[in-house]
Amino acid sequence: MGAVMGTFSSLQTKQRRPSKDKIEDELEMTTVCHRPEGLEQLEAQTNFTKRELQVLYRGFKNECPSGVVNEETFKQIYAQFFPHGDASMYAHYLFNAFDTAQNGSVKFEDFVMALSILLRGTVHEKLRWTFNLYDINKDGCINKEEMMDIVKAIYDMMGKYTYPVLKEDAPRQHVEVFFQKMDKNKDGVVTLDEFIESCQEDDNIMRSLQLFENVM
């Protein structure tokens with residue numbers, strides 16, 4: 001969870017540029033293939049102000065001039081933040097979580113709605129979004145293999161900051177401990193309710209959620 005929010009808050013900070021007036025903003029938006037919904041509508045749907053949405057849009061357009069981002073571009077952006085590891089698999093899973101329509105592209109609306117949850121959503125909203133990330137096949141529950149895939153992708157992304165300092169079987173050990181704790185009824189899968197309950201019992205997870213509440 002921390003990796004998700006930290007990367008995109010860094011991306012936002014990195015992409016801040018001097019403000020432009022309203023006319024320039026509107027002219028800028030006519031040059032893209034996809035124009036986002038009206039800022040007023042997005043303001044009502046998210047926890048961002050209109051001004052914050054303008055800043056986020058400029059940053060998004062700077063990386064994605066067409067107004068949409070595909071998975072390959074998403075991976076390239078993520079690779080910049082994790083040069084010492086392989087972020088491609090984690091970026092793949094994360095892209096699928098952002099691509100709510102599952103059509104192979106992420107629009108500004110998709111990006112900002114997810115960011116709104118991750119940065120300023122309630123604890124339940126953040127945990128529900130994270131559950132969706134781990135639920136790779138979108139069947140409404142997380143099995144041990146799905147959790148292993150995500151955790152392994154995180155370890156690979158961190159690269160030399162985890163290997164060889166930690167043993168090679170560290171991801172599997174991590175998953176065994178977490179899955180045993182989360183699978184309350186021992187039926188081999190973790191439901192949304194089990195996931196939320198388990199995360200709320202873990203102080204480390206709760207601190208990572210609170211860390212980004214005031215990042216903007």
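This is a predicted model: local features need pLDDT of at least 70, side-chain atom pairs count only at pLDDT 80 or more; totals for chains, interfaces and linings use all residues.

According to an unreviewed UniProt entry, the annotation "domain: EF-hand" covers residues 86-121, 122-157 and 170-205. Residues 86-121 are 67% helix and 6% strand, with the end C-alpha atoms 29 Å apart. For residues 170-205 the figures are 69% helix and 8% strand, and the end C-alpha atoms lie 18 Å apart.

Let me turn to the backbone. Most residues other than glycine have a negative phi. Gln102, however, has a positive phi, near 55°. This residue sits in the loop between helix 6 (88-98) and strand 2 (106-107), and is partly exposed at 48% relative accessibility. Lys186 also has a positive phi near 55°; its place is the loop between helix 10 (170-182) and strand 4 (189-191). At 54% relative accessibility, Lys186 is exposed.

I come now to the charged pairs. How many salt bridges does a search of the whole structure find? The search finds seven. Among them, Lys50 pairs with Glu40 at 3.0 Å, N to O. Lys50 belongs to helix 4 (residues 50-63) and Glu40 to helix 3 (residues 39-45), so this bridge ties together parts ten residues apart in sequence.

Glu52 forms a salt bridge with Arg120, with the closest N and O atoms 3.0 Å apart. Because Glu52 lies in helix 4 and Arg120 in helix 7 (residues 108-120), the pair ties together parts 68 residues apart in sequence. Glu52 is buried, at 19%, whereas Arg120 is partly exposed, at 25%.

Definitions and conventions: Residues are numbered from 1 along each chain as its sequence is written. Side-chain values use heavy atoms; hydrogens and water are left out. UniProt positions are given in the numbering used here, feature names are shortened, and annotations may be inferred rather than shown by experiment. Helices (H or I, at least four residues) and strands (E, at least two) are DSSP runs, numbered from the N terminus. Buried means under 20% relative accessible area, exposed over 50%, partly exposed in between (1.4 Å probe, protein chains only). A salt bridge is a side-chain nitrogen of Lys or Arg within 4 Å of a carboxyl oxygen of Asp or Glu.
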